[in-house]
Amino acid sequence: MSDSMRDALMLSGVLLAIVLSTQVGRHKFGIVKVLLPLALVVFVGWDVLRGMGITTPNVLAAAIGTATGLGIGFGLLATMRVERDHAEGKSYTRAGLPYLLIWLVVLLGRLAFVWALENVDSFGRSVAEFLVENGVEPKGLAAFFVLMAMAMVLVRTIGTWVRSARLSSGSDRREATAVA
């Protein structure tokens, strides 16, 4: 197994564990659930994107990754509920199978892409030719995947925070449900 496949498997496993333990099901939502993902996005983004050549193909790859991540993030947000226990003054998130399926498709899609690059010669050649013909550097390809993930996390985190804030202020009762 190559280093890139091992890294992809480890990252996917860690992300799946985080999603399963902190997002699927019913979980308390508070400031830590807002700040931790935001800090992680800034750290990972800086680490991966620094040193990337600012070329049109790289920026385009990054923009496409960001747009893809925004779409997926809104899909995640649409499958998650935010509830408010007014007696306790706490917000909760509730995510189920549709939410988990979106994450699984994204994680398995990334793994399939890395696997195909390494194990399907024609696919690897086609991707390499595409990248060379279009001037996309390896950091530009990395930017696609990193910004996709960052946009997903940002939309879900900020969207959940906005919903929670609306429920806290009582201005949006549509998602408010009695929590027993």
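**Salt bridges in a predicted model**

Visitor: How many salt bridges does the count come to?
Guide: Side chains of opposite charge can pair when their charged atoms come close. Here a salt bridge is a side-chain nitrogen of Lys or Arg within 4 Å of a carboxyl oxygen of Asp or Glu. By this rule the count is two.

Visitor: What should I know about the model and its numbering?
Guide: It's a predicted model, where local features need pLDDT of at least 70, side-chain atom pairs count only at pLDDT 80 or more, and totals for chains, interfaces and linings use all residues. Residues are numbered from 1 along each chain as its sequence is written, and side-chain values use heavy atoms, leaving out hydrogens and water.

Visitor: Which residue forms a salt bridge with Glu83, with the closest N and O atoms 3.5 Å apart?
Guide: Strands here are DSSP runs of E, at least two residues, numbered from the N terminus. Glu83 sits in strand S2 (residues 80–85) and its partner in strand S1 (residues 25–29), so the pair ties together parts 57 residues apart in sequence. That partner is Arg26.

Visitor: Is Glu83 buried or exposed?
Guide: Buried means under 20% relative accessible area, exposed over 50%, and partly exposed in between (1.4 Å probe, protein chains only). Arg26, at 32%, counts as partly exposed. Glu83 has 6%, so Glu83 is buried.

Visitor: Which residues are linked in a network of salt bridges?
Guide: Arg94 and Glu83 also meet in a salt bridge, at 2.9 Å from N to O. Arg94 lies in strand S3 (residues 90–95), eleven residues from Glu83 in strand S2. The network links Arg26, Glu83 and Arg94.

Notes:
Helices (H or I, at least four residues) and strands (E, at least two) are DSSP runs, numbered from the N terminus.
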